[in-house]
Amino acid sequence: MNRPGLDEYFLKLAAVVAERSTCCRRHVGAVAVRKKHILVTGYNGAPAGSTDCLSLGCLRNEQNIPSGQRHEVCRAIHAEQNAIIQAALHGVSLEGATLYSTHSPCVLCAKMLVNARIKSYVSYGQYSDNTFIHLFKEAGIEYRQAGRPPDNITFLD
């Protein structure tokens, strides 16, 4: 049995977090980590207590809005945004953290992550908007594209 490396481990956790998503288009999960310690998680979905897209349907699909455009026409909060919100609610600083996510960030999330002072971002999936790359370079945030982790869990029982 091969023990997974840290990138594979945390990306697999992000994929499990994404299973909680209430988005009809894309399930995204994020895990913020510092010094091998999980700080917070987040997934994309409607604001807490509001009706989600699984129940109401997707506004973006109804209006034929392509991925990466017109972010304001969406009920969902992005996974990265939810991770930042969870950190704020629980008094956890994300400064110096690595954010592991199933997808690369949109530019709106990238701006927030720059201000949250993360040091790096690792994903295995690509979002349709790559404008975050220049912003991350300018802010000194390392971005790594990793391989998709295996979707199996090894049980030794």
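The questions and answers below go through the sheet, the aromatic pairs and the salt bridges of this predicted model.

Me: Which strands are the edge strands of the open sheet?
Reply: The open sheet has five strands with mixed pairing, and their order is β2-β1-β3-β4-β5. An edge strand pairs on one side only, and the two that do so are β2 (37-43) and β5 (142-145).

Me: At about what angle to β2 does helix α4 run?
Reply: Helix α4, made of residues 79-89, lies across β1, β2, β3 (98-103) and β4 (120-125). Taken against β2, the direction of helix α4 is at about 130 degrees.

Me: Is the aromatic pair of Phe10 and Tyr100 stacked, edge-to-face or tilted?
Reply: The ring centres of Phe10 and Tyr100 are 5.1 Å apart, and 35 degrees lie between the planes. Planes under 30 degrees apart would count as stacked and those over 60 as edge-to-face, so the pair of Phe10 and Tyr100 is tilted.

Me: How many residues apart in sequence are the parts that the pair of Phe10 and Tyr100 ties together?
Reply: Both Phe10 and Tyr100 are buried. Phe10 lies in helix α1 (residues 6-18), whereas Tyr100 lies in strand β3, so the parts that the pair ties together are separated in sequence by 90 residues.

Me: Which residues do ring pairs link into a cluster?
Reply: A search of the whole structure finds six aromatic pairs. Ring pairs also build a cluster, and the residues linked in this way are Tyr121, Phe132, Phe136 and Tyr143.

Me: Which residues do salt bridges that share partners join into one network?
Reply: The count comes to two salt bridges. In one of them Arg144 meets Asp7, with the closest N and O atoms 2.7 Å apart, and this pair links strand β5 to helix α1 across 137 residues. In the other, Glu142 meets Arg144, with the closest N and O atoms 3.3 Å apart. Through shared partners, the residues joined into one network are Asp7, Glu142 and Arg144.

Me: Is Glu142 buried, partly exposed or exposed?
Reply: The relative accessible area of Glu142 is 40%. Since buried requires under 20% and exposed requires over 50%, Glu142 is partly exposed.

Methods:
Residues numbered from 1 in each chain as written. Predicted model: local features only at pLDDT ≥ 70, side-chain atom pairs only at ≥ 80, totals over all residues. Heavy atoms only, no water. Pairing = 2+ DSSP bridges. Helix = DSSP H or I, 4+ residues; strand = E, 2+ residues; numbered from the N terminus. Contact = heavy atoms within 4.5 Å. Axes fitted to C-alpha atoms, helices over the stretch in contact; angles between N-to-C directions. Phe/Tyr/Trp six-rings, centres within 6.5 Å; stacked < 30°, edge-to-face > 60°. Buried < 20%, exposed > 50% of the residue type's maximum accessible area, 1.4 Å probe, protein only. Salt bridge = Lys/Arg side-chain N within 4 Å of Asp/Glu carboxyl O.
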